[in-house]
Amino acid sequence: MSRQGTRNLGRMSEIAQVAVRHGFGYFFKRHRLTDLLPWGNDVALQDGQPSERGVHLRRMLDELGPTFVKFGQLLSMRPDILPPDVIAELRGLQDDVRPFPFAEVEETIESELGLSLDRLFLDFDPTPIAAASIGQVHRAVLPTGRKVAVKVQRPGAPRQIEADLGLLYQAARLVRERVRALDFIDARALVDEFARSIRQELDYGLEARNAERFRRDFATHPNVLVPQVFWSYTRARVLTLEFLEGKQLADVDVGEYTLDERRRLAYLITEAWMTMIFRNGFFHADPHPANILVLGPEQIGLVDFGQAGKLTEDDMAKATRLFIDAANENVDALPRRLAALGVRYPREKEVQFAAELRELYYRYYGANLAEIDPLQVMRETFALIYSMNLQLPTRFVLLDKAVATLASVGVELYPDFNVFEVARPYARGLMLGRFGPRRVAARVRRESLALAQVGRDLPYQLHDVLEQARDGQIEVGFVHKGLDDFMHKLDVLFNRLVVALVVVGGLIGSSLLGIFSEAGPTVFGLHFLAVVGFLLSGVLGAWVLWGVIRSGRL
């Protein structure tokens, strides 16, 4: 345990030093975090340039290693936490790590599948075709002759990730205790969200199930291909998928395509994601160019299914109502519709939120889609989210990330691309489907049954409340936000007051003893006990004074 604690302390110090080296020393000074640095307060820390803060943060996370790169990728999906300029920079974070040795690949596969590599595959390429922080991918050939892609988890990845998660939880505690400027962030919940996400990526069985679901959803689609999962060659640390012959979109030379071909490719990719979002309610949450393969002039393939988002029927119904209110210019209803979807904002800022939303809405309402820059709309939306400290549900954060990535991918392929133009017919079809006669009748029947159940239970619930009131069993609870911090400060205040009283009492008692005592040992002409009392009182007084000076409230 002591060795683990020492390693954690060393790693925390390393993180602090890397942060200072990338220009975040001012942050450590401002929030009294310099005790994390080995040189303490004696060195002048470099101030960061505000205009370059996103670049500094991205480079710092990249230097700290794979887990922190993943954490930066999560932060890039949280416009409720970071400002738009930092978000834009963090979205450039990609896993870029060295592959691990083939001997470790072989050991992992044989350990997971229970057979030697020679018996499992006719051929296995020892050179990986892709390497990331959690695993790497190799080409192979099954005994049946099928070409496959074998994804193998990096040895020690779970252990390293759990260690770094422990450090992130410590950092969250420090933020909660010391950084008052970040009180609007629930740092512990943020790390919880990241831990849940990265632990899911460690389970290749979950990724295989996601791939299987996408393959079923696109089974009849002529232009989108999802690789088959080979379950007998898949375990928690090994995933075997059909090998798709194609080129990553990131490696495509757009100069080789005509403008019309690039347009068709951009719209094909976007239509695939609109189908996932609006029709299936289950979407690939990471559509960056490395996860999209170009298989032909009008065919794409999808890979890397570790991150997937889900929208329930209830989510789709609430989103439909939001679309309808937006189409009917009922702007005043939009904050309530967003709240129903799980978007949280301070109630005292509801009027301000409605005004900001109205201004943003009317800036673009009625404009031709060709006149609207989707990326600019998203940037302004992120700025509103950040300025209002809105809290977004994770599933919609993933949806936002997917749509924003699609927009940037589409614009790179085709300069006049507009993601909203593709989304509009899907949204219109969704609204028509939700409010068709059959769906309305089904919803009326379902809600009528629910209301009938409420009406049946109401007399019994009223009787229970009256009985509790008669017996004095009704309790009213109050929740005071920030009370823990207030109580901590009050506790510190009383402790200092008690020590100060002890100091005063010691000084008075020692003085009286020194004046009136006529017998006993003496030091410098004073009674020995009086000298001891003066020394103890002086030490306690100096300690209290030092604590007050350090708190900055002298």
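Q: What is a salt bridge in this predicted model, and how close must the nitrogen and oxygen be?
A: A salt bridge is a side-chain nitrogen of Lys or Arg within 4 Å of a carboxyl oxygen of Asp or Glu. Side chains of opposite charge can pair when their charged atoms come close. In this structure, Glu-207 pairs in this way with Lys-151, with 3.1 Å between the closest N and O atoms. The two residues lie 56 positions apart and join distant parts of the chain, Glu-207 being in helix 10 (residues 204–217) and Lys-151 in strand 4.

Q: Which residues are linked with Lys-151 in a network of salt bridges?
A: Glu-207 and Asp-304 are linked with Lys-151 in such a network. The bridge from Asp-304 to Lys-151 has an N to O distance of 3.8 Å. Asp-304 sits in the loop between strand 10 (299–302) and strand 11 (308–310), 153 residues from Lys-151.

Q: Is Lys-151 buried or exposed?
A: Lys-151 has a relative accessible area of 18%, so it counts as buried. Glu-207, at 4%, is likewise buried, whereas Asp-304 is partly exposed at 30%.

Q: Where does the pLDDT fall below 50, and how many contacts does that stretch have beyond near neighbours in sequence?
A: Where pLDDT is low, the predicted coordinates should not be read in detail. The chain averages a pLDDT of 75, and 70% of the residues score at least 70. Over residues 22–51 the pLDDT is below 50, and this stretch has 61 contacts in the model beyond near neighbours in sequence. Residues 1–7 also stay under 50, with zero contacts beyond four places in sequence.

Methods
Residues are numbered from 1 along each chain as its sequence is written. This is a predicted model: local features need pLDDT of at least 70, side-chain atom pairs count only at pLDDT 80 or more; totals for chains, interfaces and linings use all residues. Side-chain values use heavy atoms; hydrogens and water are left out. pLDDT is the predictor's confidence in each residue, from 0 to 100. Contact means heavy atoms within 4.5 Å. Helices (H or I, at least four residues) and strands (E, at least two) are DSSP runs, numbered from the N terminus. Buried means under 20% relative accessible area, exposed over 50%, partly exposed in between (1.4 Å probe, protein chains only).
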